[in-house]
Amino acid sequence: MNYETPRSVEDAVALLVADQNARVLAGGTDLLVRLRAGQIAPSAIIDIKRIDQMRVITQEDNGFRIGAAVTGAEMSEHAGLKAAWPGVVEATDLIGSTQVQGRATAVGNLCNAGPAADSVPALVAACATVRIAGPKGMRDAAVEDIPTAPGKTSLARGEFITSFFLPSRPANSADAYLRFIPRTEMDIAVVGCAVSLTLDAGGTITQARVSLGAVAPKVLLIQEAADAIIGTQLDDAALDALATVASAAAKPIDDKRGTIAFRKDVSGVLARRAAKIAYARAKKG
């Protein structure tokens, strides 16, 4: 197995095109575990951390572009990012332990394509996009279009994600992410829910996005859930409607971590709670 450390995006693409069994290494918290467990046997590891743009958070069009190798710990330590997108940061904070946070990346969490990934629902609710490099050049895509099935992505041969972009926020906007796990920390979500919303001056919701994780083969963006709260001030009727839609939209399976009925019920509960947190944050400006 070769270990490659390209210094440019073009070099990384060339290595991936030349070897279809190569794997990209950013944080490695998923890749190295699978490697040691014998689940994968790549012929090459392409470490992208030596590419300068992979390691920085920059402001762009009043939003934030985060390099693919930026760690969860670095996101948490960025005051501007944390203030603008608290839900995204708190979701990334839930990936593993404090030690893992020093290595894990949101892009790696996305590309692992696990249905229960914590950062992905938050990124989807945030209307985040990714920048993809490949043999045909650069292209952008919505985060929700990257996972296609458990362990599968829409990335073509030779492509890898170089960064993701969180757009600028209107005034009175906020987001939140919540998950349910059997233990108090360091566990995989049984259900995850993210809500992002914007209020007008009177406190009425004018924009919203609601997403669910761990209740389908890939993250769900639920337009009907957003419609249930847009035009309201998140009164009890709106919260009831949101919970009902979220529960109905969830398509989970029965397994040792939870039943279908339980996960559908928790989906509604978390949607209600996450919406209330996001609304309170947005009212504070």
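In the predicted model, Cys111 has a relative accessibility of 28% and therefore counts as partly exposed. The sulfur of Cys111 lies 18 Å from the closest cysteine sulfur, that of Cys127, which is too far for a bond. Cys127 is likewise in no disulfide, and the nearest cysteine sulfur, in Cys193, is 16 Å away. With a relative accessible area of 39%, Cys127 is partly exposed. The structure as a whole holds zero disulfides.

The largest nonpolar core comprises 52 residues. Ile66, Met75, Leu81, Val130, Phe160, Phe164 and Leu166 have the most contacts inside this core. Helix H8, residues 119–125, gives the most to the core, with five residues. Apart from this core lies another, of 33 residues, which includes Cys193, Leu220, Leu234 and Leu270. In soluble globular proteins, nonpolar side chains tend to be buried together. Around Phe164, leaving aside residues up to four places away in sequence, the contacts are Phe64, Arg65, Ile66, Met75, Ala106, Val107, Leu123, Thr129 and Val130.

Two of the residues touched by Phe164, Phe64 and Ile66, fall within the range of strand E5, residues 63–67. Strand E5 runs antiparallel to strand E4, residues 57–60, and four bridges join the two. Across this pairing, Gln59 stands opposite Phe64. The hairpin formed by E4 and E5 has two residues between the strands, and Asp61 adopts a positive phi there, near 50°.

Helix H1 spans residues 9–18, and its buried residues are Val9, Ala12, Val13 and Leu16. These residues lie on the same side of H1, because the arc they cover around the axis is only 100°. The face turned away from the buried side of H1 carries Glu10 and Ala18, both exposed. Cover for the buried residues of H1 comes from elements that include strand E2 (22–25), strand E3 (44–47), strand E6 (129–134) and strand E10 (160–166).

Helix H11, residues 260–283, consists of 24 residues. From first to last C-alpha, H11 reaches 35 Å, close to the 34 Å expected at 1.5 Å a residue. The buried residues of H11 are Arg263, Val266, Ser267, Gly268, Leu270, Ala271, Ala274, Ala275, Ala278, Tyr279 and Ala282. The elements covering the buried residues of H11 include strand E11 (173–180), strand E12 (191–199), strand E13 (205–213) and helix H10 (236–249). After H11 comes Gly285, with a positive phi near 80°.

Thr204 is located in the loop between E12 and E13. Its contacts, residues up to four places away in sequence not being counted, are Thr198, Leu199, Gly231, Thr232 and Gln233. Thr204 is 59 residues from Arg263 in sequence, and the C-alpha atoms of the two are 30 Å apart in space.

Positive phi values also occur at residues other than glycine in loops between helices. Leu234 has a positive phi of about 55° although it is not a glycine. The loop that holds Leu234 runs between helix H9 (223–229) and H10. Ala113 lies in the loop between helix H7 (106–111) and H8, and its relative accessible area of 2% makes it buried.

Ala113 is in contact with Pro147, a residue of strand E8, residues 147–149. Pro147 is buried, with a relative accessible area of 6%. Besides Ala113, Pro147 touches Leu110, Lys152, Thr153 and Lys218, not counting residues up to four places away in sequence. Pro147 and Val219 are 72 residues apart along the chain, and their C-alpha atoms are separated by 7.8 Å.

How values were computed: Residues are numbered from 1 along each chain as its sequence is written. This is a predicted model: local features need pLDDT of at least 70, side-chain atom pairs count only at pLDDT 80 or more; totals for chains, interfaces and linings use all residues. Side-chain values use heavy atoms; hydrogens and water are left out. A nonpolar core is a set of buried Ala, Val, Leu, Ile, Met, Phe, Trp, Tyr and Cys residues joined through side-chain atoms within 4.5 Å. Buried means under 20% relative accessible area, exposed over 50%, partly exposed in between (1.4 Å probe, protein chains only). Contact means heavy atoms within 4.5 Å. A disulfide is a pair of cysteine sulfur atoms within 2.5 Å. The expected span of a helix is 1.5 Å times one less than its number of residues. Two strands pair if DSSP finds at least two bridges between them. The arc is that of the directions from the helix axis to the C-beta atoms.
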